[in-house]
Amino acid sequence: MNSSAHNYLAESNGGTYQFTEYGINFMRQVNKDLRVGAQLFGRDLGDIGNSRLNLDWMYADLRLSGSLRLRVGKMFTPMGFHSEGRDIDLLRSTVLLPQSVYFDTFRDNFAFNGVVLQGDQPLLEGLLDFKLFRGGFNMADDAPGMQDLSRFFGPFFLQATQAQMTQAGVPQAFQPNRYSSQNLWGKPTEIQGFRFVWSSANQDWRMGYSEFSAGSEINGEILLSPGAIRLPFSAPLRINKFSILSAEYNWNRFKATFERLDNKMNLAGNSLIMEGYYHQLEYRLDETKELSFSYSQFYPFVEKGKGSGWAPPGFPDHRSYQTDRGLSLRVDLNNHAVLKLEYHWMNGTAQLREVLNPIWQDQRNWEMFLIKTTIKF
Amino acid sequence: MYWVKQIMSVFITLCLYLPINHANVFVIVHANSPLVEIHRNELKRIYMNRRDQWKHGGAIQKAVLRGGDTHKELCRTILRQEPKRFERYWVRLVFTGQGIAPVSLKSDSEMLKYVSENKNSLGYVSAIPQTPGIKVLKILD
């Protein structure tokens with residue numbers, strides 16, 4: 001991957017090959033009602049993964065009756081159309097899933113240990129698939145998303161410190177104006193949610209809604225600069241409602257998809273609202289080639305009632321949003337190999353990671369190019 | 001005008017209930033299977049992994065052809081989707097651990113051999129088979 005400015009997902013500015021994934025899975029039908037399976041998965045995406053092989057999912061799946069099944073183990077949170085299959089590059093025409101809804105840095109946080117009750121029910125000449133889940137929320141301290149959480153509470157620490165300093169008579173020029181974090185770790189707590197997906201009889205339409213709530217406690221240190229102020233903290237994090245609304249329509253060689261994410265959180269008493277959505281239009285040129293265009297918009301912080309984002313203090317306004325226009329070409333070289341070429345025209349910097357961008361470039365518009373090959377056997 | 005409408009409606013109803021031959025796709029099971037016909041939606045549910053047990057008992061051992069015109073015909077006329085979409089559907093099921101892939105066979109002869117040797121199997125071929133141990137199912141629409 002190569003970006004014209006900023007490091008996005010990895011050290012992409014100037015080009016990087018740190019963008020690899022590999023996985024292997026096993027399934028076994030133990031008897032007519034019981035199935036067990038596991039997948040090992042490793043990836044290298046900048047500082048994420050570093051090619052370590054991890055247990056991605058592992059579960060036992062028991063049929064209770066008819067289509068009703070109970071699954072126990074480690075699984076991906078069933079959210080939207082793509083959460084569960086997000087590692088499977090072969091399923092989609094694009095290299096990156098729309099990052100406004102499926103952020104790669106928080107990918108590991110979307111796995112949980114618990115139970116899923118699932119089944120299907122005929123509805124309106126179609127089929128309604130449902131999944132109800134409950135388990136332990138994954139807030140592993142080595143999950144890359146953990147370090148990015150500072151952006152959600154850093155501004156509050158910064159503003160509070162600035163207010164205290166102003167009250168104490170410290171001139172603004174001597175007050176800190178940037179924040180970072182270190183040693184962040186989360187106390188895992190519970191997650192519960194559901195997903196419903198309705199498919200029309202001829203499979204042309206798919207519509208879904210998924211939602212979860214979860215809680216945790218974030219611990220660590222906030223560093224304010226200049227001045228090297230260290231503030232240890234421990235704050236409750238509550239995801240009150242993380243939801244994805246999904247719709248897909250297939251017509252001949254076209255496929256149109258829309259998904260919208262809404263995330264209402266509360267961190268140490270501060271309400272935060274995150275929003276994102278994307279539209280995607282895919283067209284199959286022939287048996288082996290697919291073209292895709294997507295438009296994706298993301299706001300990490302939304303002001304209630306205003307519907308627009310705000311940038312944390314010390315950052316330019318384009319830190320408050322990210323618009324991504326993507327164009328992809330997928331070529332199935334044979335039954336085992338896929339080649340993908342992808343171009344993104346970006347406006348905004350809301351999804352850039354501070355870890356990868358220690359020196360902030362004030363560049364609103366930037367581009368990115370990706371090439372990916374996948375081998376399946 | 002009233003009678004024309006009545007005749008048309010009877011004709012359409014009859015058409016809907018008549019067994020339809022899907023050109024070049026013959027759905028087959030083991031000769032000992034009690035089935036003689038299968039509804040298209042039922043076939044779709046089986047191939048889309050919505051059903052994995054025969055109503056008369058036993059796990060369905062479904063097989064698919066690895067490509068070719070017969071497979072395309074099955075996908076388009078019976079499953080009502082493009083072969084690519086069907087393939088991706090199964091890739092999703094397999095790689096997310098939600099299903100075990102159907103047995104994948106190269107040719108009609110492999111398919112006939114597989115179905116004749118497995119009593120709970122289900123497959124399809126391009127021509128009416130002459131092989132013993134095989135039964136062709138009538139597909140109801």
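Predicted model: local features only at pLDDT ≥ 70, side-chain atom pairs only at ≥ 80, totals over all residues.
In the model, 37 residues of chain A contact 24 residues of chain B. The two chains bury about 2700 Å² between them, with 42% of this area on carbon and sulfur atoms. Of the area that chain A buries against chain B, 22% is supplied by A:Leu91, A:Gln203 and A:Glu287, more than by any other three residues.

Between chain A and chain B there are 7 salt bridges. In a salt bridge of 2.9 Å, N to O, the side chain of A:Arg63 meets that of B:Asp52. Elements giving two or more residues to the side of chain A that touches chain B include strands E3 (34-45), E4 (53-65) and E14 (322-332) of chain A. The largest share of that side, 4 residues, comes from E2(A). By class, the side of chain A that touches chain B has 18 charged, 10 polar and 9 nonpolar residues.

In chain B, helix H3 (residues 68-78) has B:Thr70, B:His71, B:Leu74, B:Cys75, B:Thr77 and B:Ile78 as its buried residues. The cover over these residues includes helix H2 (40-47), helix H4 (83-95) and strand E5 (121-125) of chain B.

A:Arg134 lies in strand E7 (residues 126-137) of chain A and is partly exposed, at a relative accessible area of 49%. Among the residues that A:Arg134 touches are A:Phe112, A:Val115, A:Glu190 and A:Gln192. The side chains of A:Arg134 and A:Gln192 are joined by a polar contact of 2.7 Å.

Methods: Residues numbered from 1 in each chain as written. Chains lettered and ligands numbered in written order. Heavy atoms only, no water. Buried < 20%, exposed > 50% of the residue type's maximum accessible area, 1.4 Å probe, protein only. Contact = heavy atoms within 4.5 Å. Polar contact = N/O pair within 3.5 Å; in protein donor to acceptor, adjacent residues only side chain to side chain. Buried area = accessible area lost by both parts, 1.4 Å probe. Salt bridge = Lys/Arg side-chain N within 4 Å of Asp/Glu carboxyl O. Nonpolar A, V, L, I, M, F, W, Y, C, P; charged D, E, K, R; others polar. Lists of a residue's contacts leave out its neighbours within four places in sequence.
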